[in-house]
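Please look over the structure shown below.

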Amino acid sequence: QLQLVQSGGGLVQPGGSLRLSCAASTLEYSAIGWFHQAPGKEREGLSCISIEPSKTHYADSVKGRFTISRDNAKNTVYLQMNSVKPEDTGVYYCAADTVFVPDAGCTYDNPYLYAYWGQGAQVTVSS
């Protein structure tokens, strides 16, 4: 069964950088998404990467600041967070979509498409 193990997170100053990792136990997924849940708010989709074809998508709130990438050899997806802001504070989750649809790409704004979730990682942006 697919399992996602997250690492990274922590305290970072505004304007700083942080990298989150999401290691998958198998290759049986079509896309990985990253989601953010700020304190007292609903979970929001930030970005996703599809496996075949390889496509990436970003929410406007992180476009140009965050980068999603994948290391095939390690079966790990990363979220590089640059120029972080206090509003980026919250718990970050990676999740896997295991439904294969040819040329479908991925979508980040519907968490219900993602059946498997990582354990979450706290990110706090504060000086």
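## Strand β11 and its partners

In β11, Gly-10 has Val-123 as its bridge partner. Strands here are DSSP runs of E with at least two residues, helices are runs of H or I with at least four, and both are numbered from the N terminus. Gly-10 belongs to a parallel pairing: strand β2 (residues 10-12) and β11 are joined by three bridges. Two strands count as paired if DSSP finds at least two bridges between them. Strand β9 also pairs with β11, through three bridges, and this pairing is antiparallel. There, Tyr-92 stands opposite Ala-121 of β11.

Which side chains of β11 are buried? Ala-121, Val-123 and Val-125 are; they point to one face. Buried means under 20% relative accessible area, exposed means over 50%, and partly exposed lies in between (1.4 Å probe, protein chains only). In a regular strand, side chains alternate between the two faces of the sheet.

## Model and confidence

This is a predicted model: local features need pLDDT of at least 70, side-chain atom pairs count only at pLDDT 80 or more, and totals for chains, interfaces and linings use all residues. Residues are numbered from 1 along each chain as its sequence is written, and side-chain values use heavy atoms, with hydrogens and water left out.

The average pLDDT of the protein is 94, and 100% of the residues score at least 70. pLDDT is the predictor's confidence in each residue, from 0 to 100. Strand β11 (residues 121-125) has the highest confidence, at 98; β6 has the lowest, at a mean of 95.

## The open sheet

An open sheet holds four strands in the order β1-β3-β8-β7, with antiparallel pairing. Its edge strands are β1 (4-7) and β7, and each pairs on one side only. From one strand to the next, the twist averages 20°. Axes for such angles are lines fitted to C-alpha atoms, for helices over the stretch in contact; angles run from 0 to 180 degrees between N-to-C directions.

Four bridges connect β1 with strand β3 (residues 18-24), and the two run antiparallel. Ser-7 faces Ser-21 of β3.

## Salt bridges

How many salt bridges does a search of the whole structure find? It finds two. A salt bridge is a side-chain nitrogen of Lys or Arg within 4 Å of a carboxyl oxygen of Asp or Glu.

One joins Lys-63 and Asp-60, at 3.3 Å from N to O. Lys-63 and Asp-60 are both exposed. The other joins Asp-88 and Arg-65, whose closest N and O atoms are 2.8 Å apart. This pair links distant parts of the chain, 23 residues apart: Asp-88 is in the loop between β8 (76-81) and β9, and Arg-65 is in the loop between β6 (55-58) and β7 (66-71). Asp-88 is buried, at 6% relative accessible area. Arg-65 is also buried, at 11%.

Asp-97 lies in strand β9 (residues 90-97). Asp-97 is buried but has no salt bridge. Its nearest side chain of opposite charge is Lys-55, 13 Å away. Lys and Arg count as positive, Asp and Glu as negative; His and the chain ends are not counted.

What does Asp-97 touch, not counting residues up to four places away in sequence? Its contacts (heavy atoms within 4.5 Å) are Tyr-29, Ser-30, Ala-31, Leu-113 and Tyr-114.
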